[in-house]
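Hi everyone, thanks for coming along.

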Amino acid sequence: AVERLRARVAAVGELHAEGSAQAGEPAATASAGPVPTAAPTQAAPGADQTAAGATGAGSAPAAIDYRPSPVAGAGEPRPWLASAIRRLAERRETKLAAELVLELLRAHGLAASGPRGYMVELEELGSFRLRAGAGGATTVEVGGGGAGEEEGPVGPEAFTLQGRVAAFAELAGGGLAPVGIVRRPVGLSVRGSRRRARRLMRERRQPLALSELARRDAPVWPGLLLAALAEAVDPAWTASSSFTVQFALEGLHSARLLVSATDGGPLRLSRASGDRRAETGEPVSATARLDESAFLRLLSGEPLASGSRILLEGDRGALEQLLAWTDRVQGIRRQSA
């Protein structure tokens, strides 16, 4: 089910493609798939220059191996993700926020203290059963009965959480309450074992850092996190900046995602409609070709894994300006070049 959830992200909201799911359709039943990408361009031997210039009239610019600057030091994670999920659900695209909530809840199971099973009922999307086994492997199944009705590998579902997508924001993104206090998020109702539900909520007291997801190699699609980061960037930061950065994700879930900055406006996330232009018709300033793992590490400030590469074509400055904004959202400080 989660594989199908990932596969339809490219057709949701501003990434909407003809034939995607209608409002209210359960996420895992839609058939829209991601956008295929071209094969990566190999970096020229010994290339250490930026790729701002093209190799000739009408030809693609040279690609370089891009290595992001390392993080200077890790501080306390900022509680940005929960508010970004709420804004994404209330102002932009509810389904996109719901996909992110489900994937984050699934990722939390990797750090669970023991087996558990519970139901999630999202008013705008449908019902889902989450089951975390002894090894932390979590599955997401569409539909199912309420708390205690279904027996599974980890026993009956102990409780059901029900509410609108925005009500799940703090549970998914962390930052529920100060240490020593447990409260239920406004708008989130609990049926079944309240004791077990409180245990889940206690685990989400601290805000979630994307670096934590990257270190655990959590199965969260980075395109969803990019949507949340774009929502969290203050439009005032983009003053005097106009560019489009394309992320060409390669591998099992290929997609081409564009982030556009427009001089004091909010960042806009869209799908690529051509090799060199955004949906607005503006040329793409820079293209980063990378796999999902490298993308998550790039966004979170974690070092790239051994053997992992980011191939960059175009304006390096545009990519690094975008990263400076997403770093600022998360409280990340990178070392000076």
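Let's start with helix α9, residues 316-330. Helices here are DSSP runs of H or I with at least four residues, strands are runs of E with at least two, and both are numbered from the N terminus. Its 15 residues should span 21 Å at 1.5 Å a residue, and the end C-alpha atoms are 21 Å apart, so the two agree; the expected span is 1.5 Å times one less than the number of residues.

Before we go on, this is a predicted model: local features need pLDDT of at least 70, side-chain atom pairs count only at pLDDT 80 or more, and totals for chains, interfaces and linings use all residues. Residues are numbered from 1 along each chain as its sequence is written, and side-chain values use heavy atoms, with hydrogens and water left out.

What caps the N-terminal end of α9? That's Asp315, with a side-chain oxygen 2.9 Å from the backbone nitrogen of Gly317. Just after the helix, Gly331 has a positive phi of about 80°. Buried residues in α9 include Leu319, Leu322, Trp325 and Val329, where buried means under 20% relative accessible area with a 1.4 Å probe, protein chains only.

Stepping back, the protein has nine helices and 13 strands, and 52% of its 337 residues are buried.

Finally, Leu213: leaving aside neighbours within four places in sequence, its contacts (heavy atoms within 4.5 Å) include Leu104, Ala107, Val220 and Leu296.

Technical notes
Buried means under 20% relative accessible area, exposed over 50%, partly exposed in between (1.4 Å probe, protein chains only). A polar contact is a pair of N or O atoms within 3.5 Å; within protein, one must be able to donate a hydrogen and the other to accept it, and residues adjacent in sequence count only if both atoms are side-chain atoms.
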